[in-house]
Every structure is written in C-alpha cells, then in structure tokens.
2 protein chains.
Amino acid sequence: MASIRDLRKRLALYLVTDDKSSPEQLLTTVRSALEGGVTTVQLRRKHDDGRRLVELGHGIRELTKSFGALYIVNDRVDIALLTQADGVHVGQSDISCRDARRLLGDKLIGVSTCTLEEAKTAERDGADYLGVGAVFPTRSKSDADMCGIDGLAAITQYVSSPVVGIGGIALNNVKSVLEAGADGVAVVSAILHAEDPRRASVELKQFLT
Amino acid sequence: MASIRDLRKRLALYLVTDDKSSPEQLLTTVRSALEGGVTTVQLRRKHDDGRRLVELGHGIRELTKSFGALYIVNDRVDIALLTQADGVHVGQSDISCRDARRLLGDKLIGVSTCTLEEAKTAERDGADYLGVGAVFPTRSKSDADMCGIDGLAAITQYVSSPVVGIGGIALNNVKSVLEAGADGVAVVSAILHAEDPRRASVELKQFLT
Ligand code: NI
C-alpha cells in the first residue's frame, strides 16, 4: 500500500458479497460492479465451505487485479493467504486483529466497529481501516448493532484510520455517510441485488470522486 | 512426529468435538477423555466464530500438551496456526490437502475419505493420515457418505498411510473396525455424550493397546 491517502481512495466504493447467489452468478456480478467503479471487493460467504471459498477467492483475485481493485477476505485468514488477498476483514467475534496480524504480516486488516470504544481498540491493535456500522437499519442487523450517522461521526472525528461506513447504505443516503466523515461506503444489496449492478456502481461512485 | 509407527499409535483413540456443549463444558469433557486415554483431540465446531475457536483451541492445546496427546483442527488452517496445533483435518469440501500443506509446512494433515479413489488421491496429495467413514450409520451422515466396514477394509488394504475409522463407532463395534485394518478409531458421541466420558474412554482404549 503506497500511503494512507491512497488507501482511503481505494476503499471508496467497497462491495461486500453475500450468500444469496451461486459462485458463478456472484463472479459475474462482481465483474459488473468493478466495471462500474467498485474499488474494493470483500469475499464474505458464511455458508460456503473452504474449498469453494478458495475457488471464489481465486476468481475475485483475478477480477480485482485486472481492475486495480483491492480484494479482502472476511474472517478466514487461511483463505486470504491461499488466494493472495490484499487483506482480511474481521468482526468483533472473528479472529482478533492482533492474531490476524501474526499470520498476515503487513497485509491489510480491517475491523468492524460499532462504538468509539471498539474503534479505539481496533486502532490500538493495529487495524489498517475500520468498518463502522450499521449506519442505517438493515434486515440482517438487530438494533443493538446500529451505530447510526451520529455514532459514525463520533468515530470519524476521533480516529485517524480510514473509515468505511456500512449498513443500509444506498444512493439516497450515501451523501450523509460521507458528510459524517467516512472515506468510503460498503454496500451489499445496493449493488448485488440491483437490476443493473454496473449502473448501480456508477451511480454510487459519482458521490465518491 | 518421530515415525509413522509412532503416528499410528497416537491416532489410536481420536476424539472429535461437536457443537452441542458450551466451550467450558467441552474443555471439562476433553480433560476427562484425556484422563481416560484419548490420544488425539480434533477441534471441530461448525457454529463457532473465529475468536471462540481460537480460545477453545488454546484450551485444547494446553490440555493435550499436558497429556502428550495430539491436537488437530478441523478445516480452519488459520486457527490451527494460531493455536499451535499439531495439524489440521480436512474434508472433501474443505481447503484441499495441497493448499493446507502450503500453509502448514510439515504439520500433520488428515483427510476424510469415503472411497478408495478419494483415499488414493489423498495419499498422492501428501496426506499424513486418512479419516475413513462413515463406517456405521450416524445421525449426521446420509447413506451416501457411508463406506461401511467393507469400504474401510478395501482402503486399509490398499493404502500405506495410517487410517482412522469414523462414524457410529462405539464399544460394541470397535473391534470390527480394528479387524478391518484401521490404526485408530475416531468417536464423537461415544465419549462426548457418555454419562462418564473418562470411563467411556478407558473402555474404548482397552481395545486399542
Ligand atoms: Ni462456518
């Protein structure tokens, strides 16, 4: 990674995958999203076994490389190492940032945080960037995991690490996430489940450059 | 590992964990099992997140070390590396044996196999031992995953790697598994869900020395 300023830019439009589509469909959608301007792709599949994750990871690595985008793996440090990922993203119940660092050397480590306390801890533990959310309600997160725009702003004002907002972010609210100080926005549905993932990415990207 | 003969002995009574008990309960049961003569413990928890697996792994590493037993991690090579495991065990849909070898160097790699074809492939790919089953019906395996005593015997006659039989093995059938050429038996319920896990281990162990 050239610089923290470069990293902030590369985290601008951050796509997180889900379990809803087949591996083939997912790779097709990821390609469209990259064509539309996605800058980072995080492989996150909670129901896939290791072998399939490795296959998918190789596919996403190839695609992101050809578009100059970052490729990050959720939680599974082993899959990240085997598929030449740029790094991992860990939640509060995943492998810890410090443990991940032992296996990953100077690769990127992102940490999901919801409170200022968690954000401070993640910075102290050497996180390269923070994923902060849920900024808005989503179907997959309970109220307890919501930080809201105010919680996001409290974190971006305090930390010096790059911050990516996540949770319920779409065209109609992306501006408020950036105004709260986020360097980038992470989305799942807004791109993956859009009728036209390429176009959805282009539209989101307009706010981010 | 001193020798393949030593490895065969150390795989004799092989306990695989499950998701049914709390981490604290599980560690208590594992200790009892080790007191009763279990020679290998495999950490296999399909519903635990990475952080909890690391905690459990450290606990099992400590216990197995003090009893001179092997500690193996199912599928998660990252957890194995972080908790100083003796190796990993991978199924046909987990990280492949070859990929696991890239990350693990000369640590142990066990591979689940059900057919002679799978067993040959695992040996060719450098597996250190084979887990063969299901030998008997179990609640968690469909008929398709059954190899039976005959399937087990066909594999042990062909391969030179140590073989551990798995699936529905208990006091009343352990003898037939050894007669089919297995070096050891892997059990879940027969120890974990026994009224007295230590005693259950002692009783099984009598067949294995
Ligand atoms: Ni899982």
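Me: Why is the pairing of Arg198(A) and Glu35(A) called a salt bridge?
Reply: The side chains of Arg198(A) and Glu35(A) meet at 4.0 Å, N to O. A salt bridge is a side-chain nitrogen of Lys or Arg within 4 Å of a carboxyl oxygen of Asp or Glu, so the label applies. The pair links distant parts of the chain, with Arg198(A) in helix H10 (residues 197-205) and Glu35(A) in helix H2 (residues 23-35), 163 residues apart. Helices here are DSSP runs of H or I with at least four residues, strands are runs of E with at least two, and both are numbered from the N terminus. Over all chains, the search of the whole structure finds 22 salt bridges.

Me: What kind of model is this, and how are residues and chains labelled?
Reply: This is a predicted model, in which local features need pLDDT of at least 70 and side-chain atom pairs count only at pLDDT 80 or more, while totals for chains, interfaces and linings use all residues; side-chain values use heavy atoms, with hydrogens and water left out. Residues are numbered from 1 along each chain as its sequence is written, and chains are lettered from A and ligands numbered from 1 in the order in which they are written.

Me: What makes H2(A) and H10(A) a crossing, and of which hand?
Reply: The crossing of H2(A) and H10(A) is right-handed. The rule calls a crossing left-handed if the near helix is turned anticlockwise from the far one by less than a right angle, and right-handed if clockwise. The two helices pack at an angle of about 35°, with their axes 7 Å apart. Axes are lines fitted to C-alpha atoms, for helices over the stretch in contact, and angles run from 0 to 180 degrees between N-to-C directions.

Me: Which residues of H2(B) and H10(B) meet?
Reply: Thr29(B), Ser32(B), Ala33(B) and Glu35(B) of H2(B) meet Pro197(B), Arg198(B) and Ser201(B) of H10(B). Contact means heavy atoms within 4.5 Å. By class, this contact has 2 nonpolar, 3 polar and 2 charged residues. Ala, Val, Leu, Ile, Met, Phe, Trp, Tyr, Cys and Pro count as nonpolar, Asp, Glu, Lys and Arg as charged, and the others, Gly among them, as polar. H2(B) and H10(B) pack at about 35°, with axes 7 Å apart, and their crossing is right-handed.

Me: At what angle do H6 and H7 of chain B pack?
Reply: Helix H6 (residues 116-124) and helix H7 (residues 148-158) of chain B pack at about 35°, with axes 9 Å apart. H6(B) passes H7(B) in a right-handed crossing. Leu116(B), Ala119(B) and Lys120(B) of H6(B) make the contact with Ala154(B), Ile155(B) and Tyr158(B) of H7(B). The classes are 5 nonpolar, no polar and 1 charged.

Me: How do you know that the bond from Gly133(B) to Ala134(B) is cis?
Reply: Its omega is near 5°. Ala134(B) is in the loop between strand S6 (129-133) and H7 of chain B. In chain A, a cis peptide bond joins Gly133(A) and Ala134(A), with omega about 5°. Most residues other than glycine have a negative phi, and most peptide bonds are trans.

Me: What is noted about phi of Asp75(A)?
Reply: Phi of Asp75(A) is near 65°, a positive value in a residue other than glycine. Asp75(A) is in the loop between strand S3 (70-74) and helix H4 (77-82) of chain A. Its side chain also meets that of Arg76(B) in a salt bridge at 3.3 Å, N to O.

Me: How much area do chain B and chain A bury between them?
Reply: They bury about 1,700 Å², 53% of it on carbon and sulfur atoms. Buried area is the accessible area (1.4 Å probe) that two parts lose on being put together, summed over both. In contact are 21 residues of chain B and 21 residues of chain A. The rule finds 2 salt bridges across this interface.
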